[in-house]
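The notes below are kept in the order in which I looked.

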Amino acid sequence: METQERNMPFIKNLASSDRKLRTKSLESLRNFLSARQVASALSPLDVLKLWKGLFYALWMCDRPLPQQALAQDLADLVYVLPTPARGGDNGGEEVAVVAAWLRGFWATMAREWTGIDVLRMDKFLLLVRRVLGASLAWMRVADGEEAGRTKKRRSGGEEKTRKSRWDGKRVDAVIGVLGEFPFVLEEDAKTSRQQEGGESEEKKKGDELTPRFVPVGLKLHALDIWVDEAEKVGLLEDEDEEAKDIVRRITELVDELEKGTTSPAVRIRSKQSLLDDRLPFNNIAGSDAGSE
């Protein structure tokens, strides 16, 4: 851990008041994360420290256009992380690295959310939107990626070739993170944090950066935007059965949140989210909600 920390001298500079220094540090971070051996060796504490620096990089960023550009740059870091080597079988490792990165983002936002003042809130609302959108887009395998190689299946007695549009491991990882943070029940969040074992020095430092709950405001924002971002990445296309299954899994998380939350605001917003007329299952969700 100490060696890895020495390799990240740019963390403090990410929160510098000097814009040029922040920009240079962000570029150093991109190069740092793009190295496969480095990214795979990052501990949860390393990721939390990096996201703390990135959080304050946006905190220090002034003026709307630079803020918008930086929010997009931070969201796009998910694509900087190493992808599986062509012909290799390390897709699971890549997914674990990205899942840890996204988990660090949500943990940081949950920890810092209640300390964001009104004047700065808009840029962090945008950051959450951009990262959520990038997470959903990352589930979709691009042409030429190893996980997106053509697959053959039989249909009507003939072999047909098609490209996989959504990667199952990536989908599981993203939905898992959503269920752990923005769409988690209050009691589930407390239990999962309490069960994290170990009393090492790194664990104690990690505890200081790990939130004990997800603020209601962060949940409300995620509930407000997830359908918008799902639509942008093509998850709501009528003819895409894989996408429909992904949306169904996300709506199940929201439905469980709506039924189990102790927050009236979260309950109302969850129900409104499920009734969005863009969702392929909105009629089912609506009838279930209306029958209660």
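**Entry 1: the chain as a whole.** I noted at the outset that this is a predicted model, and I read everything that follows with that in mind. I looked up the secondary structure and found 16 helices and two strands in the protein chain. I then looked up burial, and of the 292 residues in the chain, 47% are buried. For the contacts with a sequence separation of 6 or more, I found that 72% are between residues 24 or more positions apart.

Entry 2: I asked how many cavities of 30 Å³ or more a search of the whole structure would find. The search gives two, and I followed up the second largest cavity, which holds about 30 Å³ of space. I wrote down its lining as Trp51, Leu74, Ala75, Val78, Trp101, Leu102, Val131, Ala134 and Ser135. Helix 6 (64-75), helix 8 (91-112) and helix 9 (118-138) are the elements that each give two or more residues to this lining, and helix 9 supplies the largest share, with three residues. By residue class, I recorded eight nonpolar residues and one polar residue in the lining, with no charged residue.

**Entry 3: helix 6 against helix 9.** I next looked up how helix 6 and helix 9 pack, and found an angle of about 35° with the axes 8 Å apart; the crossing is right-handed. From helix 6, the residues in the contact are Gln67, Gln68, Ala71, Gln72, Leu74 and Ala75, and they meet Lys123, Leu126, Leu127, Arg130, Val131 and Ala134 of helix 9. I sorted the residues of this contact by class and recorded seven nonpolar, three polar and two charged. Comparing with the previous entry, I see that Leu74, Ala75, Val131 and Ala134 take part in this contact and also line the second largest cavity.

**Entry 4: lysine 232.** I placed lysine 232 in helix 13, which covers residues 216-232. Is lysine 232 buried or exposed? I noted a relative accessible area of 56% for lysine 232, and because the cut-off for exposed is over 50%, lysine 232 counts as exposed.

Key: Residues are numbered from 1 along each chain as its sequence is written. This is a predicted model: local features need pLDDT of at least 70, side-chain atom pairs count only at pLDDT 80 or more; totals for chains, interfaces and linings use all residues. Side-chain values use heavy atoms; hydrogens and water are left out. On a 1 Å grid over the protein atoms alone, a cavity is a set of points where a 1.4 Å probe fits but cannot get out, and a pocket is an open set with protein on both sides within 12 Å along at least five of seven lines; lining residues have an atom within 4 Å of a point. Grid points are joined across faces, edges and corners, and a volume is the space filled by probe spheres set on the points. Helices (H or I, at least four residues) and strands (E, at least two) are DSSP runs, numbered from the N terminus. Ala, Val, Leu, Ile, Met, Phe, Trp, Tyr, Cys and Pro count as nonpolar, Asp, Glu, Lys and Arg as charged, and the others, Gly among them, as polar. Axes are lines fitted to C-alpha atoms, for helices over the stretch in contact, and angles run from 0 to 180 degrees between N-to-C directions. A crossing is left-handed if the near helix is turned anticlockwise from the far one by less than a right angle, and right-handed if clockwise. Contact means heavy atoms within 4.5 Å. Buried means under 20% relative accessible area, exposed over 50%, partly exposed in between (1.4 Å probe, protein chains only).
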